[in-house]
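Student: I would like to learn how to read strand pairing. Could we go through an example together?

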Amino acid sequence: MGVKARRRTSMNRQYRGDYLNAASNQVILKLLEKQGDRHVLFADSVVKLSRSGKIKRQAFMITDVAAYILDAQWGNLKRRIALQAIEKVCLSELSDNFFAIIVPSEYDNLLASTRKTEIVTVLIEATKKIMGNPLEVVFSNRFEYYVGSDSTREVFFEQVEGSVKTRFVHK
C-alpha cells in the first residue's frame with residue numbers, strides 16, 4: 001500500500017494460505033460446518049497479547065465468513081469474529097510483526113505474525129467479497145485498541161538502531 005516499511009523477505013513471497021493444514025483437520029472441519037463456514041482461506045500460528053498482558057501462542061484462521069482464534073492445541077475455540085464485524089486493521093509503519101483487529105461491537109485483538117502481510121491481504125479480499133468494499137487498513141506508529149472491561153491500551157512503535165521498539169501503555 002506504499003506506507004509500510006517492508007522486510008526484503010516479505011517481497012514477492014508465495015502465499016500458501018493454510019500453514020496448519022486446517023482444511024484436513026476433522027475437528028476444524030466439524031467446527032466450520034457447525035458455524036456455516038465453507039473454505040479455509042488462511043490458517044497459521046500467531047502470538048496473541050492477552051487482556052492481562054501475557055503473550056500466548058494461538059492458532060489464527062480466516063474463512064470465507066469469519067476469523068477464528070483457537071488455542072494452540074486446536075482443542076478450544078477462543079473467539080469467532082464475523083468478517084462484517086471487523087471495522088479495520090491497524091499496523092505500524094515500521095517492519096514489525098504486530099497488527100490489531102478492531103471490532104467495535106466487542107473487543108479488539110492485538111496479534112503478531114511473521115505472515116502479517118498475507119493475513120491482511122486475505123482479510124481485505126474476504127471482507128471485500130462479503131461487504132462489497134475492502135477493509136480499512138490504518139498505518140500509524142501509535143494506535144489504541146480496546147481490550148474489554150472498559151480498558152484501553154495504546155501501543156507505540158519506534159525505530160531504534162536497526163530494529164523496532166514496541167511499548168504498551170494501559171489507559
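Tutor: What follows is a short talk about strands and how they pair.

Tutor: This is a predicted model, where local features need pLDDT of at least 70, side-chain atom pairs count only at pLDDT 80 or more, and totals for chains, interfaces and linings use all residues. Residues are numbered from 1 along each chain as its sequence is written, and side-chain values use heavy atoms, with hydrogens and water left out.

Student: What counts as a strand, and when do two strands pair?

Tutor: Strands (E, at least two residues) are DSSP runs, numbered from the N terminus. Two of them pair if DSSP finds at least two bridges between them.

Student: In what order do the strands of the open sheet stand?

Tutor: The order is 9-10-11, with antiparallel pairing. Strand 9 (142-148) and strand 11 (163-170) are the edge strands, each pairing on one side only. On average, neighbouring strands of this sheet are turned by 25° against each other, direction ignored; axes here are lines fitted to C-alpha atoms, and angles run from 0 to 180 degrees between N-to-C directions.

Student: How many bridges join strand 10 to strand 11?

Tutor: Strand 10 (residues 151-160) is joined to strand 11 by 8 bridges. Opposite Glu154 stands Val169 of strand 11.

Student: Does strand 5 pair with strand 8 in the parallel or the antiparallel sense?

Tutor: Strand 5 pairs with strand 8 (residues 136-139) in the parallel sense, over 4 bridges. Val89 stands opposite Val137 there. With strand 6 (residues 98-102), strand 5 (residues 88-91) pairs in the antiparallel sense over 3 bridges. Lys88 has Ile102 as its bridge partner in strand 6. Strands 5 and 6 form a hairpin with 6 residues between them.
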